[in-house]
Amino acid sequence: MCGRYAASRQPEDLAGVFEIEKWEPEETLEPDYNVAPTKEVHVVLDRPLKDVPDPRPVRQLRTLKWGLVPSWSKTPEGAARMINARAETLHEKPSFRRAFATRRCIIPADGYYEWVTGQQERELEVEGRRKRPRKQPYFVLPADGSVFAMAGLYEFWRDRTLPDDHPRAWWATCSVVTTDAETTPLAESPAEGPRTLYDIHPRMPLMLTRDRWDAWLDPSRTDVEDLRPLLAPPPPGLMRAYPVSTAVSNVRNNGPELLKELEGPEEGTLF
């Protein structure tokens, strides 16, 4: 799954990486080292511009809210539960299938956080002792330091309680596509702890390698069977993971120090 990630790159940097043609400076977000559901996030998408004669799709950097609200939803209350879309079933789920066919995006990140339960806590659970598990967070990122391009879907939702000219009449929201976590060895393994992404968590965000960006973003590709091969996991061995401070577990904490690599799991959170 993906429930938290870091995104520190600014539009100027992302524009070069993703060949962005248009972005609005007033929509620029501050670097966020603890992106949580329902926050506004940067996404890359191909879409025609409004009020221009040229109908061609333009690559844009847009600001959307993380937590997808389907266009047919009566209220946006379920957005916090729609932060992830499973790659294996999104083509058939009512909440995601229309977006998969026509509204795909890339959600740029430095990497994502995932938590594992320490071995000592697991043993306590087995013994039936009611101690709340203390989980060790890991930061997962491309081993070469490149942008982590997470596959995403986006939607537009109309708030019918507001007039057409109201600035919040339309919601633009997104979801991260997830897939089975890799069971092959990490590119770099911590001295202690997990050796594969699956050891950390059975799910992970679907990373799109550069050769799939254009096809994934192309809104003219709407045939589901033609699109499904794009959901294949990337080649193994591209990711690394390392333990970080449990401070990231509190969404109020935010700063580059959250990405600091620890030499090993924090005390009491041994893997």
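Please keep in mind that the model is predicted. The protein has six helices and 13 strands. Its radius of gyration is 19 Å, close to the 18 Å that the globule rule gives for 271 residues, so the protein is as compact as a globular protein of that length.

**Overall build**

- Of the 271 residues, 49% count as buried.
- Among contacts with a separation of 6 or more, 72% are between residues 24 or more positions apart.
- The protein exposes about 13,700 Å², and carbon and sulfur atoms supply 49% of that area.

**The largest cavity**

- There are two cavities of 30 Å³ or more, and the largest has a volume of about 40 Å³.
- Its lining is made up of Pro11, Trp23, Glu24, Glu27, Thr28, His42, Leu61, Arg62 and Thr63.
- Strand S5 (residues 58-66) gives the most to this lining, with three residues.
- Sorted by class, the lining has three nonpolar, three polar and three charged residues.

**The second largest cavity**

- The second largest cavity holds about 30 Å³ of space.
- Around this second largest cavity sit Tyr112, Glu114, Val140, Ala181, Leu197, Ile200, His201, Arg203 and Met204.
- Strand S8 (111-117), helix H4 (197-200) and strand S12 (203-205) are the elements that give two or more residues to this lining.
- By class, the lining of the second largest cavity has six nonpolar, one polar and two charged residues.

Key. Residues numbered from 1 in each chain as written. Predicted model: local features only at pLDDT ≥ 70, side-chain atom pairs only at ≥ 80, totals over all residues. Heavy atoms only, no water. 1 Å grid on protein atoms, 1.4 Å probe; cavity = no way out; pocket = protein on both sides within 12 Å on 5 of 7 lines; lining within 4 Å. Points joined across faces, edges and corners; volume = space filled by probe spheres on them. Helix = DSSP H or I, 4+ residues; strand = E, 2+ residues; numbered from the N terminus. Nonpolar A, V, L, I, M, F, W, Y, C, P; charged D, E, K, R; others polar. Rg over C-alpha atoms; globule rule 2.2 N^0.38 Å. Buried < 20%, exposed > 50% of the residue type's maximum accessible area, 1.4 Å probe, protein only. Contact = heavy atoms within 4.5 Å. Areas by Shrake-Rupley, 256 points an atom, 1.4 Å probe, with all protein chains shown as cover.
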